[in-house]
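Here is my note on the model you sent. Please keep the viewer open while you read.

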Amino acid sequence: MPDEQPSDRGAWVVLGGVHLLNRTAPRRPDEPIVLVRVSPQEVCRPATTVIVRWNALGPCPVEALYPGGTRLGAARIDGGELFPDAIAGPALRGLVGTEAAPGLVPLCYLAEHPGGGYHAYAQIRFHPEDACFVRTTRDPVGHGPVEELRWFDPALTAHAESSTALNNHLRYFRKHFSGTELEFKYTLDPAPDIWSASMELLPGAASGENARSTLATLLYEIAEHGIIDLPTSRTKWDAGRPALPEQVRIPTAPPAKSSTPRQHVSWRPELNWAYGTRLTASQTEDLLACNRWFRDTHNQPARRAPLPLRERSHEIFRYEKRLDTLITGALFAPGRLTLEQLSTYREPPPLAHRRLGDGDTMLVVENSDTYATLHNLLKAAPGPIGYIAFGSGRAFEASVENIAELPGIHRIVYYGDLDAEGIAIPARASINGVQHGLPPIEPATGLYRLLLAREPNAGDIIASDRAHSLTAWLPEELREAAHVLLTKGQRIAQEATNRNELSLDPDWRW
């Protein structure tokens with residue numbers, strides 16, 4: 001691969017409608033394509049992968065164009081303000097308009113080639129902090145000024161040719177050009193915020209009155225299993241009760257003290273790489289189980305029909321959770337085992353739901369008690385609500401995919417807590433849902449109106465710009481009040497609209 005360093009050649013992050021990635025709708029002549037000019041992000045040219053960290057971009061010239069190249073508008077936007085909470089920020093919404101903004105996502109990273117034309121890197125991961133792109137063009141495409149968009153159709157074509165790998169559930173992408181392979185690496189900041197991480201990973205357990213005790217118990221339990229190291233100095237712990245560490249260390253696994261004596265094994269073709277690999281006794285045992293499965297299912301298409309991960313794990317290892325552990329380890333490193341070889345896949349988490357009537361609307365409720373209350377109140381007269389579902393916090397961002405399997409749903413409305421995370425969850429879930437052909441998720445306006453009338457509690461103080469970005473998902477009549485709530489460091493849990501409140505006030509109904 002050439003080792004030429006990035007210079008003053010052009011580089012852009014290209015934004016557009018999410019349907020252009022998943023091909024759920026054709027490209028429209030009136031939808032904007034947004035070019036965000038950035039400094040080159042590649043470590044060499046052409047690179048295999050590119051990571052774009054939004055906050056590191058600084059002020060960026062941004063230009064919105066119609067497909068024919070006609071200019072819609074231009075602005076200068078700080079990289080950190082492009083996609084706060086993984087949804088289009090206020091500046092982007094002002095540039096492209098409120099109709100186009102909800103579906104706006106990074107489509108690709110575009111790099112100008114020294115010989116003319118451009119290399120396109122398809123987006124494979126997109127988070128509030130960063131995005132990852134992988135090159136899909138073998139040769140440069142679309143010679144000419146970038147604003148003429150001659151590269152756009154070839155870039156979409158290259159994406160479509162690998163769409164099965166690029167668009168799958170967990171966005172794994174292992175296929176690439178001959179002679180290259182990809183590897184995901186995850187790096188924690190030197191001092192990650194443990195409290196924020198626990199709130200994100202365990203929103204229920206980490207937000208109750210026993211939150212500190214819950215987190216302390218979990219940290220000690222994880223440390224006992226050798227997964228993390230806790231600080232030995234008391235200066236690295238806070239003054240709370242119980243005390244919590246300011247940071248933890250994830251130890252590097254030491255080299256295996258000894259490998260298993262080399263066995264004379266006839267590895268199946270899928271495992272040829274094992275001949276030259278130093279394996280531990282446990283790894284050898286796991287690979288022998290896979291080897292038997294490859295042998296026993298050879299020329300038996302029915303037995304190699306795809307199965308969910310834990311079903312395949314039980315079939316191979318007689319233990320349904322074994323693959324959960326292995327897929328993050330050395331046996332699944334690039335060039336070794338893949339889920340595709342084992343004909344398995346991860347299923348999105350289930351979405352608990354109940355049928356209420358013949359309506360075409362699904363109501364999704366973030367928390368379990370409010371879900372139960374609304375189910376009981378709606379079942380006698382559901383109106384347009386055909387289904388009610390339990391979102392279960394952030395799990396809904398993935399479980400939303402299940403709605404596509406239910407018949408007759410043409411509208412999805414959501415009701416959750418009025419805090420930063422409670423508002424961001426449906427906005428992020430909406431992006432995933434649209435990728436699976438679902439309608440955008442709307443707020444349950446009547447319920448949020450009633451919730452805003454309740455007494456708030458203390459919460460996190462949210463910066464004004466981020467609050468504007470979050471509250472853009474809410475109906476316009478409620479945005480100002482919700483913005484004031486967030487910027488004052490307050491929140492209102494949806495449980496504030498309890499059964500008694502909802503029974504007395506029918507205005508929240510549809």
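1. Ground rules. This is a predicted model: local features need pLDDT of at least 70, side-chain atom pairs count only at pLDDT 80 or more, and totals for chains, interfaces and linings use all residues. Residues are numbered from 1 along each chain as its sequence is written, and side-chain values use heavy atoms, with hydrogens and water left out.

2. Helix α7 with helix α8. Find α7 at residues 281–296 and α8 at residues 309–317. (Helices are DSSP runs of H or I, at least four residues; strands are runs of E, at least two; both are numbered from the N terminus.) Their axes come within 9 Å and cross at roughly 95°. That makes α7 roughly perpendicular to α8. Axes are lines fitted to C-alpha atoms, for helices over the stretch in contact, and angles run from 0 to 180 degrees between N-to-C directions. Angles of 65 to 115 degrees count as roughly perpendicular, under 35 as roughly parallel, over 145 as roughly antiparallel, and the rest as oblique.

3. Who touches whom there? Asp286, Ala289, Cys290 and Trp293 in α7 meet Arg312, Glu315, Ile316 and Phe317 in α8. Contact means heavy atoms within 4.5 Å. The residues of this contact divide into five nonpolar, no polar and three charged. (Nonpolar: Ala, Val, Leu, Ile, Met, Phe, Trp, Tyr, Cys and Pro; charged: Asp, Glu, Lys and Arg; polar: the others, Gly among them.)

4. Helix α13 with helix α15. Here the axes of α13 (residues 445–452) and α15 (residues 476–487) come within 11 Å and cross at roughly 30°. That makes α13 roughly parallel to α15. The crossing of α13 and α15 is left-handed: the near helix is turned anticlockwise from the far one by less than a right angle, while clockwise would be right-handed. Thr445, Tyr448, Arg449 and Leu452 of α13 make the contact with Glu477, Leu478, Ala481 and Ala482 of α15. By class, the residues of this contact are five nonpolar, one polar and two charged.

5. Helix α14 with helix α15. The axes of α14 (residues 464–471) and α15 lie 9 Å apart, at an angle of about 140°. That makes α14 oblique to α15. The crossing is right-handed. From α14 come Ser464, Ala467, His468, Leu470 and Thr471; from α15 come Arg479, Ala482, His483, Leu486 and Thr487. The residues of this contact divide into four nonpolar, five polar and one charged.

6. The cavity. How many cavities of 30 Å³ or more does the structure hold? It holds one. (On a 1 Å grid over the protein atoms alone, a cavity is a set of points where a 1.4 Å probe fits but cannot get out; a pocket is an open set with protein on both sides within 12 Å along at least five of seven lines; lining residues have an atom within 4 Å of a point.) About 80 Å³ of space lies in the largest cavity. (Grid points are joined across faces, edges and corners, and a volume is the space filled by probe spheres set on the points.) The largest share of its lining, four residues, comes from α3. The lining residues divide into nine nonpolar, two polar and no charged.

7. The second largest pocket. About 450 Å³ of space lies in this pocket. It is lined by 20 residues, and Arg93, Thr98, Pro102, Ala472 and Trp473 lie nearest its centre. By class, its lining has 14 nonpolar, three polar and three charged residues.
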